[in-house]
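Please read these points with the structure open beside you. They move from the chain as a whole to a few of its elements.

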Amino acid sequence: MTTATAVVAGHGLALRRSLLLSSPQGKPSCASFSARALQPAARSLLTVATPSRTSRCRSVSSESSTAAAAETADEEEPKSLEENEEAEEEVDPLAEVCYLDPEADAEGIREWELDFCSRPILDARGKKVWELVVCDPTLSLQFTRFFPNTSINSVTLRDSLASVATTLGVPLPDRARFFRSQMQTIISRACNELGVKAVPSRRCVSLLLWLEERYETVYSRHPGFQAGTKPLLTLDNPFATSLPENLFGDKWAFVQLPFSAVREEVESLERRYAFGAGLDLDLLGFELDEDTLVPGVAVESSRAKPLAAWMNGLEICAVEVDTGRANLILSAGVSTRYVYAGYQKSGATTQEAEAWEAAKKACGGLHFLAIQENLNSDGCVGFWLLLDLPPPPV
């Protein structure tokens, strides 16, 4: 048994108490104090504004002129709701997107996110249409192309990815993330032939939100749209397995950071941390108050740097609590789930775990994982900003 201090935000309160933590299968508990000094419970905690999920994606067809529209936007009077709705209705669901932000550093776009899957659309033959969707994490690059179901193979994908680079005048990326495990063979083969590293990962946040937007603005307005059609390739959600030996920490705890501090941690990742991953909070439309407390899990380890290095290769995407089994579940890659840590189940610990999940939901799914060297550290050796997202509608 190990005693750790846990700070949990929930129901408008911050709870600070000692929590008895037990480890699964006799392993040490993972993680303990916060990534930064925590705010005292006397502060008004968890006054949150649920983040706007209105996607900032720009579905721009190759025929449209986004640059010209942007130049005249400031000179025009605000449009009425009816005019905006009419403008949305003018989107051509048959048009393919081929867009590069003219202000973007084309040479600096080194990572792509891609999806290659069927859509809820039937072609003239009554067969499902497939689509390639490619973007970068900032949505400065956007590309889509439709395919008949008879052309689905690694050669088609390889040639199409090459055409993204040549058409938009950008280099092929170093890495390409994808989130469908069923497409791993085709995507990996196509990327390998282009010298691109294929990375199975659910950290395709910009892509997932863009697909959600395209479902509403493109697929559902397509003449071949089939309402109620379930995705052909659903996301895996396997049972959690045992955590590898090298990923165990010494202690762990539920913690919280003000949204302003979370921003600082993300901004300093490249400057101070060797390990971790952030999210573009502005692009994602998060509009939380600066003092809103964001929940997280902090891990203390005497070998913090090696632990953070191993964790960095996992493509960590989420942490959740299984209150029934009194475990933390770590999700990584596209279909990997680990029993990350356990705690002694009681009424009090269950309440704290439920409050932590409630706080995460109140923050629009935003949470974090931090790795530290000891309880009194002011900084982190590793920091991952995470986001719970529902599966895409396609």
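1. Of the 394 residues in the protein chain, 49% count as buried; this is a predicted model, and the values here are computed from it. The accessible surface of the chain amounts to about 17,800 Å², and carbon and sulfur atoms account for 49% of that surface.

2. The secondary structure of the protein chain consists of nine helices and 17 strands. When contacts between residues at least 6 apart in sequence are considered, 73% of them join residues that are at least 24 apart.

3. An open sheet is built from five strands, which follow one another in the order β10-β12-β16-β17-β11 with mixed pairing. The edges are taken by β10 (251–258) and β11 (275–277), each of which has a single partner strand, so that one side of each is left without a neighbour in the sheet. On average, and with direction ignored, neighbouring strands of this sheet are turned by 25 degrees against each other.

4. Within this sheet, β16 (residues 366–372) and β17 (residues 382–387) are paired in the antiparallel sense over six bridges, and I371 has G382 of β17 as its bridge partner. Helix α9 (residues 347–362) lies across β10, β12 (293–300) and β16, and it runs at about 125 degrees to β12.

5. Which residues of helix α8 (residues 304–312) are buried? They are A304, L307, A308 and M311, and because these residues cover an arc of only 100 degrees around the axis, they lie on the same side of α8. An α-helix has 3.6 residues a turn, so residues three or four places apart point the same way.

6. Helix α3 (residues 154–168) comprises 15 residues and reaches 21 Å from its first C-alpha to its last, which is close to the 21 Å expected at 1.5 Å a residue. Its buried residues are S154, T156, L157, S160, L161, S163, V164, A165 and L168. The cover over the buried residues of α3 includes the strands β3 (98–100), β4 (111–122), β5 (128–135) and β6 (141–147), together with helix α4 (184–194).

7. Leaving aside neighbours within four places in sequence, H222 is in contact with P93, L94 and I121.

Definitions and conventions: Residues numbered from 1 in each chain as written. Predicted model: local features only at pLDDT ≥ 70, side-chain atom pairs only at ≥ 80, totals over all residues. Heavy atoms only, no water. Buried < 20%, exposed > 50% of the residue type's maximum accessible area, 1.4 Å probe, protein only. Helix = DSSP H or I, 4+ residues; strand = E, 2+ residues; numbered from the N terminus. Arc of directions from axis to C-beta. Pairing = 2+ DSSP bridges. Axes fitted to C-alpha atoms, helices over the stretch in contact; angles between N-to-C directions. Contact = heavy atoms within 4.5 Å. Areas by Shrake-Rupley, 256 points an atom, 1.4 Å probe, with all protein chains shown as cover. Expected span 1.5 Å × (residues − 1).
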